[in-house]
2 protein chains.
Amino acid sequence: MLVDVKERGGAEAAGPATGRPTTLGRPRAEDRTPAILEAAKALLEEVGYDRLRIQDVADRAGAGLATLYRRWPTKQALVADALRFHQEALLPPLLDDPRADLTALLCAMTSKLCGAGGEVLPGLVAALRSEPELAAVIRDEVMAPLRARMRADVASIVGPDNPQLDLLADLGPAVLMYRAVLVGEDVDVDAVVGSVLGLIDALTPADGARPR
Amino acid sequence: MLVDVKERGGAEAAGPATGRPTTLGRPRAEDRTPAILEAAKALLEEVGYDRLRIQDVADRAGAGLATLYRRWPTKQALVADALRFHQEALLPPLLDDPRADLTALLCAMTSKLCGAGGEVLPGLVAALRSEPELAAVIRDEVMAPLRARMRADVASIVGPDNPQLDLLADLGPAVLMYRAVLVGEDVDVDAVVGSVLGLIDALTPADGARPR
């Protein structure tokens, strides 16, 4: 499905080598889509949503400003598509072990908050209020799958009937977000992960009687 | 210390009835400060930081725009002073019982997130990134005392040496903020408070052996 986003030549990208349907004649603007969405994602990580400029995306993708505006009339629309396209970058591959999966999710979230590419989440949080369409994409495509997966991980550790399940499932991302965005401190992800898993273990029956 | 902020007449507000030092002649612009900070707080609750206009604050306080700009050259400076002035509105009076105090803090926070005046916290979160001076005021004057008080409340329930103390102290505000701002759901504060206290109780030694 994906073409090589590094590919610069529009004519070649539209050719049979990519395995995609081709049209005769001049390559269409849509062929630049992966390069443009890749550039939008990279800039989102470097500067954040609020400071992202469409002109900079066009420059980095080697595309014309008119091409971008024809397809995405607003910055929200472009970023929403980039988020959908790169959703897997925000959600690492599912792991079998629920503790390892929780850890991977929290580490991925922390790197989007504080690490290289640490402008993504703070910039998006700042945009949630002023950009309702973008907020809907973030909530439906990023937050909802993240929460569902964490809930499944925690349920398989503490049992699906644990009265604290909802709270424990939101605990890790909530504390990371709170400390990084609101308190404004450097988040120690290992400490947070250790503490969250420690709390979950403290609430888990030691006799193995919990439902699987 | 506080004068009646409803008072409209500048001359009377500067008179001996207020118990404040007076100057002869024309009342000074500073005498309008409480009315202006009251108006700024009310508008902050109604529209949020990002949509607050200095002209609207001046209109509501019955003050001139020039008066406001002379004292507060920027919107950040005005809102920072309003937050300092009304800090007690964000932090309800300290209660003796730590469970009751935790509940009161979480309810006050929820009303600033979701209730009447529910534009305060989402608007401030959105401004944290773009307004570093305002962010410092929010962090020092609102977040730091809130976190310290919650930590003391939780410590007096679970004991000061509990390894989960830091996590439990941040749990309530983090989950409220996460669900209201990021997930974008209607927060059920009673359910969150009940769940947070239930989790704290589940980690508290039942034999009363914990340190006081």
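In the predicted model, Thr204(B) has a relative accessible area of 14%, and because this value is under 20%, Thr204(B) is classed as buried. The residue is located in the segment that follows α11 (189–202) of chain B. A polar atom of the Thr204(B) side chain lies 2.5 Å from the backbone oxygen of Ile200(B).

The interface between the two chains was examined next. On chain A, 38 residues are in contact with 38 residues of chain B. Together, chain A and chain B bury about 3400 Å², and carbon and sulfur atoms account for 62% of this area. Of the area that chain A buries against chain B, 25% is supplied by Arg129(A), Tyr178(A) and Leu182(A), more than by any other three residues.

Polar and charged interactions also link the chains. Four salt bridges are counted between chain A and chain B. One of the salt bridges pairs Asp170(A) with Arg179(B), with 2.7 Å between the closest N and O atoms. Twelve residue pairs, both members at pLDDT 80 or more, are in polar contact between chain A and chain B.

The side of chain A that touches chain B draws at least two residues from each of α8 (120–128), α9 (132–158), α10 (165–183) and α11 (189–202) of chain A. Among these helices, α10(A) supplies the largest share, 14 residues. By class, this side of chain A consists of 22 nonpolar, ten charged and six polar residues.

Notes. Residues numbered from 1 in each chain as written. Chains lettered and ligands numbered in written order. Predicted model: local features only at pLDDT ≥ 70, side-chain atom pairs only at ≥ 80, totals over all residues. Heavy atoms only, no water. Contact = heavy atoms within 4.5 Å. Buried area = accessible area lost by both parts, 1.4 Å probe. Salt bridge = Lys/Arg side-chain N within 4 Å of Asp/Glu carboxyl O. Polar contact = N/O pair within 3.5 Å; in protein donor to acceptor, adjacent residues only side chain to side chain. Helix = DSSP H or I, 4+ residues; strand = E, 2+ residues; numbered from the N terminus. Nonpolar A, V, L, I, M, F, W, Y, C, P; charged D, E, K, R; others polar. Buried < 20%, exposed > 50% of the residue type's maximum accessible area, 1.4 Å probe, protein only.
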